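Please keep the model open while reading this note. The points below go through it piece by piece.

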Amino acid sequence: MGKNKKQAGANEIKRPSRFQKRMATDGWFLLVGLLPILLIYAYLRIIPIGKSIYMSFFNWNYVTNNNVFIGLTNYQNMFQNEQFLISMRNTTIIAFAMFIVIMPLSLLIANALNSKIKFGAWYEALYFLPVIMPMVPITIIWKWILNTDYGLLNWFLSLFGIQKLAWLTTPNLALIVVIAIMVWKNIGYNVLIYLVGLRGIPKSYYEAAALDGATSGQCFRHISLPQLKPITIYVSVTTLIKGYNVYSLVNILASDVQGAPGYLVRVLVYDMIENAFRFFKMGYASAEAVVLFLVVLVLTVLQMGLVREKKPKKMKVYQTGGKK
């Protein structure tokens, strides 16, 4: 009897993707239901972004309505403008200072609140209270507290023999003030999000680790942190976005102080709005908006890419067959 060689087929079994599975069941119904929301979102978000990109290539003037195409001139002038460079530097300092302070601090506070402590609900409310307070009134209160002549903070420091400090007119102090208020205003939100994530982790994980002799620090490192990875991505992205979008705080603090901190702590959104609605340089302001959008987009993609889990390699399944 002659032996026939076995022939291996290279036909890989293709599995349907997640999108195909969803669309095969009730995906079309959900898509139709979301269509009105998607249209509204496109009208309020996508179209304005496209319009800003389009306007950034023109010398756009709403007053004269004489819009001349100038190509990349707005971008060239922007990166040669000292005010823009100062604004970008200050905004980046504020955003990353918020990120460095809020991220670890909010996680530690949430972990402490997750343990059984007295008056835990009251502490949660106190941390979250600044988040729900409107920015305008709390900024006015902080402006009064930080006033050089009759501010509450300088009065308190005078009790210890410290001289009055010009919190809103000294460059370094004004920058620290903006960062401190932004941290105080936004940390409660991250604490609440982390707290929800910690309470969603099954207790059986910690109980099994305790039986194996794991300490609380080891449980936090090997159980809590990996389980909180999706939440960490979310809060890190939103924290940087809030830092780069700071405007109301700086604008209100500078409302009756000539040159401070709108220029001492000049931020990108402040510079953008001033160029657009004070100097009517809509094309230039649109170019600044495009740069802000790209910076936030790049940082978001980088954060999501750094913490993305590596998917295991798909195993190829081959069908083999032969003739006798």
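1. Is Asn-74 buried or exposed? Asn-74 has 6% relative accessibility, so this residue counts as buried. Buried means under 20% relative accessible area, exposed over 50%, and partly exposed in between (1.4 Å probe, protein chains only). Asn-74 sits in helix α2, residues 73–79. Helices (H or I, at least four residues) and strands (E, at least two) are DSSP runs, numbered from the N terminus. Setting aside residues up to four places away in sequence, Asn-74 touches Met-55, Ser-56, Phe-58, Gly-283, Tyr-284 and Ala-287. Contact means heavy atoms within 4.5 Å.

2. A word on the source. This is a predicted model, where local features need pLDDT of at least 70 and side-chain atom pairs count only at pLDDT 80 or more, while totals for chains, interfaces and linings use all residues. Residues are numbered from 1 along each chain as its sequence is written, and side-chain values use heavy atoms, with hydrogens and water left out.

3. Confidence comes next. pLDDT is the predictor's confidence in each residue, from 0 to 100. The chain averages 82, and 83% of the residues score at least 70. Residues 1–11 have pLDDT below 50, with 11 contacts in the model beyond near neighbours in sequence. Residues 315–324 are also below 50, and that stretch has 15 such contacts. Where pLDDT is low, the predicted coordinates should not be read in detail.

4. Now the overall picture. The chain holds 13 helices and 4 strands. Of its 324 residues, 33% count as buried. Among contacts between residues at least 6 apart in sequence, 68% join residues at least 24 apart.

5. Look at helix α12, residues 268–277. Here 8 of the 10 residues are buried, so α12 is largely enclosed by the rest of the structure. Among the buried ones are Asp-271, Glu-274 and Asn-275. The buried residues of α12 pack against α3, α10 (229–244), α11 (248–253) and α13.

6. How do α3 and α13 pack? The axes of α3 (residues 82–114) and α13 (residues 282–306) come within 13 Å and cross at roughly 30°. That makes α3 roughly parallel to α13. Axes are lines fitted to C-alpha atoms, for helices over the stretch in contact, and angles run from 0 to 180 degrees between N-to-C directions. Under 35 degrees counts as roughly parallel, over 145 as roughly antiparallel, 65 to 115 as roughly perpendicular, and the rest as oblique. On the α3 side, the contact uses Phe-84, Met-88, Phe-96 and Phe-99. Residues from α13 include Tyr-284, Glu-288 and Leu-299.

7. α13 also packs with α10. Their axes are 10 Å apart, at an angle of about 160°. That makes α10 roughly antiparallel to α13. Contributors from α10 include Ile-233, Leu-240 and Tyr-244, and those from α13 include Leu-292, Val-295 and Leu-299. The contact divides into 10 nonpolar, 3 polar and no charged residues. Ala, Val, Leu, Ile, Met, Phe, Trp, Tyr, Cys and Pro count as nonpolar, Asp, Glu, Lys and Arg as charged, and the others, Gly among them, as polar.

8. Finally, check Lys-242 in helix α10. At 29% relative accessibility, Lys-242 counts as partly exposed. Leaving aside neighbours within four places in sequence, Lys-242 is in contact with Met-98, Met-182, Asn-186 and Tyr-189. The C-alpha atoms of Lys-242 and Ile-94 are separated by 9.7 Å, though the two are 148 residues apart along the chain.
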